[in-house]
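Colleague: Could you walk me through some of the helices and strands in this one?

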2 protein chains.
Amino acid sequence: MWSHIVCVSVLLHYVTGQSGTTLNIKDVFEGRCYDYKETLYNGLLPEVKASCGDLWLKFLDAFAYKHPCDVKFESYSAYWEAAKQILPTDKVMFWSGVYNLAHRFANNGKRYVTLEDTLIGYLANSLTWCGTQKQPGLNFTRCPSWTDCPTEASESFWAGASKTFASEAKGVVTLMLDGSNPKQPAYRRNSFFAKYELPSLNPKLVTSVKVIVTHALNAPKVEFCGTGSLVDLKNDVTKAGLKYTCTDDPIAVMHLLCADDPESRECQLTFAHAQGELTRKKRSEDFNGMPDFF
Amino acid sequence: MWSHIVCVSVLLHYVTGQSGTTLNIKDVFEGRCYDYKETLYNGLLPEVKASCGDLWLKFLDAFAYKHPCDVKFESYSAYWEAAKQILPTDKVMFWSGVYNLAHRFANNGKRYVTLEDTLIGYLANSLTWCGTQKQPGLNFTRCPSWTDCPTEASESFWAGASKTFASEAKGVVTLMLDGSNPKQPAYRRNSFFAKYELPSLNPKLVTSVKVIVTHALNAPKVEFCGTGSLVDLKNDVTKAGLKYTCTDDPIAVMHLLCADDPESRECQLTFAHAQGELTRKKRSEDFNGMPDFF
């Protein structure tokens, strides 16, 4: 989940046009909380009792009026405790390096539940924040990059969020990885999954880890199930007392990728004869075949 | 877009468990606004200058302290004016009867921009609201159903929102319809598209209407391009001075549908040989083919 953090950080530079705490962060945070409580994920994830104002204060308390590199892992404990939810069996999904695809596949909790679907992650997703010892306690001008602070302070929020999330998982959990990044292996032992999520899975509650290795269209395929870093992953999962399964490019994920680029050579090859079949099938059903053009 | 309204209404019964104004509506509305301004759609849709507090007051003013059936079309004018955005050329999408599919295809403004992606629609989407002449001016117990009030009051918000949205469209606009609903035709002259959107398109700015007719998997296919109500649609679009194109089940949309149900007979037929091709292709690339299972 390093890529998560990198992704969030890069996104924020783009989104806010500055690198300090997100403007109006209290209003954004509390507003998301009200939206979550009243309209989002109802029926999919349980309601949290804590008020939105209370959640904001517990979150804020972890870093406000502190030096940005002086935020310990435990600083957010009161927030995790107040915001955590019971998670549905067999639906927890972890991901690394494939933020967009994993979230589109998860489909807002309908297929899978990611950390960013839970209240803990939803409220903070894509935000930047850091404290200052001066008034008003938040630095809206500049936050240190993740590499400027010691590891613990950099990772404290998302590491703790990941641990809390993983510790609530039950049944089969899913992990989506990128097998086509030439710059880093699909699985890394310094990833959030390896450092915080896998060790937090409870072998009495979790039965197996179902790994999905995806490959971007039209890009070199670097690793597959059973090769390279995925051998390490299998070993680590097995050592943790969990069953391990792995699949490359399940067809449902290929459909999602190909929805964005159906004309690509790879989609044409993968879904051979698709258009021909479709046209033939439709023609036979179209009793009043007036031709239209697209 | 009747189905839009029906869908929102049904959703709300489910979501809020009551049929009065959404609880904490001010906080949800303003919170969404802050989230929208600070983190959502940046780079895709322009920022709106009005403050979130101001937008809420303009919205509230349209119905607070009024009988719920006494809300005229123009009541929301100040809100439309303050919240409307310039829309990107060739990206506007209308839809009817296919809320989920249309929005997944639109992909939060990345492929298409729907009314619900714009600030006007985003702030109100899935909420229920109505006024009362008594304190506190909003009825949190019960709002009339859409059929309890005269048409104008029922439709006033979403009709005006749709008109405002359509009037800002430029280039090619897209309309996604459901060709597999046995209870209603794909195109109806009492639909929101026919009543409010098509008449609001500016033929000096909009060049053509690209219709996408979709069919649910494993359901009877009721209408296709060039048949039934789609003949009326072609006539109405042409009369409005716009070019008309129509396509049934474009392959990109089929991919999205099949991502949810890849094993269905129809997906197997449409994307013939998919898994065989994929397996063959992967095996040839997988230099270290240790078998894994999924």
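Modeller: What follows is a short exchange about helices and strands in a predicted model.

Colleague: Okay, start with α7(A): where does helix α7 of chain A bend, and by how much?

Modeller: Helix α7 of chain A, which covers residues 151-167, bends by about 50 degrees, and the bend is at A:Phe157.

Colleague: And is α7(A) mostly covered or mostly open?

Modeller: Mostly covered, since twelve of the 17 residues of α7(A) are buried; among them are A:Phe157, the site of the bend, and also A:Trp158, A:Gly160 and A:Phe165.

Colleague: Switching to strands, how many bridges join β2(A) to β3(A), and which way do they run?

Modeller: Eight bridges join β2(A), residues 171-178, to β3(A), residues 206-214, and the two strands run parallel; within this pairing A:Gly171 stands opposite A:Val206. Together with helix α8 of chain A, residues 192-197, these strands make a right-handed β-α-β unit.

Colleague: What about β3(A) and β4(A)?

Modeller: Those strands run parallel too, joined by six bridges, with β4(A) spanning residues 243-248, and A:Ile212 has A:Thr247 as its bridge partner in β4(A). The chain gets from β3(A) to β4(A) through helix α9 of chain A, residues 229-239, in a β-α-β crossover that is right-handed.

Colleague: Now chain B: at what angle do α2(B) and α3(B) cross?

Modeller: The axes of α2(B), residues 25-38, and α3(B), residues 52-61, cross at roughly 135 degrees and come within 9 Å. Because of that angle, α2(B) counts as oblique to α3(B), and the crossing in which α2(B) passes α3(B) is right-handed.

Methods:
Residues are numbered from 1 along each chain as its sequence is written. Chains are lettered from A and ligands numbered from 1 in the order in which they are written. This is a predicted model: local features need pLDDT of at least 70, side-chain atom pairs count only at pLDDT 80 or more; totals for chains, interfaces and linings use all residues. The bend at a residue is the angle between axes fitted to the seven residues ending there and the seven starting there. Helices (H or I, at least four residues) and strands (E, at least two) are DSSP runs, numbered from the N terminus. A residue is buried if 20 or more other C-beta atoms lie within 10 Å of its own, exposed if 12 or fewer, and partly exposed in between; C-beta atoms are placed from the backbone. Two strands pair if DSSP finds at least two bridges between them. A crossover is right-handed if, with the strands pointing away from the viewer, the path from the first strand over the helix to the second runs clockwise. Axes are lines fitted to C-alpha atoms, for helices over the stretch in contact, and angles run from 0 to 180 degrees between N-to-C directions. Angles under 35 degrees count as roughly parallel, over 145 as roughly antiparallel, 65 to 115 as roughly perpendicular and the rest as oblique. A crossing is left-handed if the near helix is turned anticlockwise from the far one by less than a right angle, and right-handed if clockwise.
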